[in-house]
Amino acid sequence: MSNRLLILACSATKRPGPTYLPARLRYDGPLWRTLRFVDPDGRKAKVAFLSARYGFRAADTPIEDYDARLTAELAERMIAGGMTTRWPRRPSARKPDTYGMHAGAEIASLSRYGAEPFDDLALVGGGLYLAVMRSMLGGFRDMRCVTPDAVVTEINGPIGIMRQRLRAWLNRWTNKPGERP
């Protein structure tokens, strides 16, 4: 059976609640609502997110409510920093660079450190988010977290179309193990 990874852009709309909630519950934009509706138990794919504040993280990571947007400048910094740049960035240049998490560390943990590499990925979000996601694919492959021949689906466009395509991707290959439509 395919090992699937969904990388979803964060959402400006967030659910209120305790100081920390898992990202899967905190984010409340249309794509996140579609994810929760179509895959309420999280069985159709492992899910990560890309955030201007947190970088790449697993969707079960507890996060605070925050307000940060991915700008072109920030996307360029993420791309230039590559797999080894930690997000969120340290609050002060005087502090050691041990703050935050590497993109590679998060995706590696979702793939059980390469023991279960992903062979089917969906990258979902706006243009800047997709550019950052695409830029990390080579590193994920080099780490053997993503197979060299992985199927990569990019989902972008008007929100209604994105919701339809996300639903279709999540529902694809939900047949018996090893069986593809």
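This is a predicted model: local features need pLDDT of at least 70, side-chain atom pairs count only at pLDDT 80 or more; totals for chains, interfaces and linings use all residues.
Modeller: Local features need pLDDT of at least 70, side-chain atom pairs count only at pLDDT 80 or more, and totals for chains, interfaces and linings use all residues. Residues are numbered from 1 along each chain as its sequence is written, and side-chain values use heavy atoms, with hydrogens and water left out.

Biologist: Why is Thr 147 called buried?

Modeller: Buried means under 20% relative accessible area, exposed over 50%, and partly exposed in between (1.4 Å probe, protein chains only). Thr 147 has a relative accessible area of 16% and is therefore buried.

Biologist: Which residues are in contact with Thr 147, leaving aside its neighbours within four places in sequence?

Modeller: Contact means heavy atoms within 4.5 Å. On that basis, Thr 147 touches Pro 117, Phe 118, Asp 119 and Arg 141. Thr 147 itself lies in strand β9, residues 146-155; strands (E, at least two residues) and helices (H or I, at least four) are DSSP runs, numbered from the N terminus.

Biologist: How many residues of β8 are buried?

Modeller: Of its 7 residues, 6 are buried, and β8 is mostly covered.

Biologist: What covers the buried residues of α2?

Modeller: The cover includes β1, α1, β3, β8 and α6. Among the buried residues of α2 are Leu 31, Trp 32 and Val 38.
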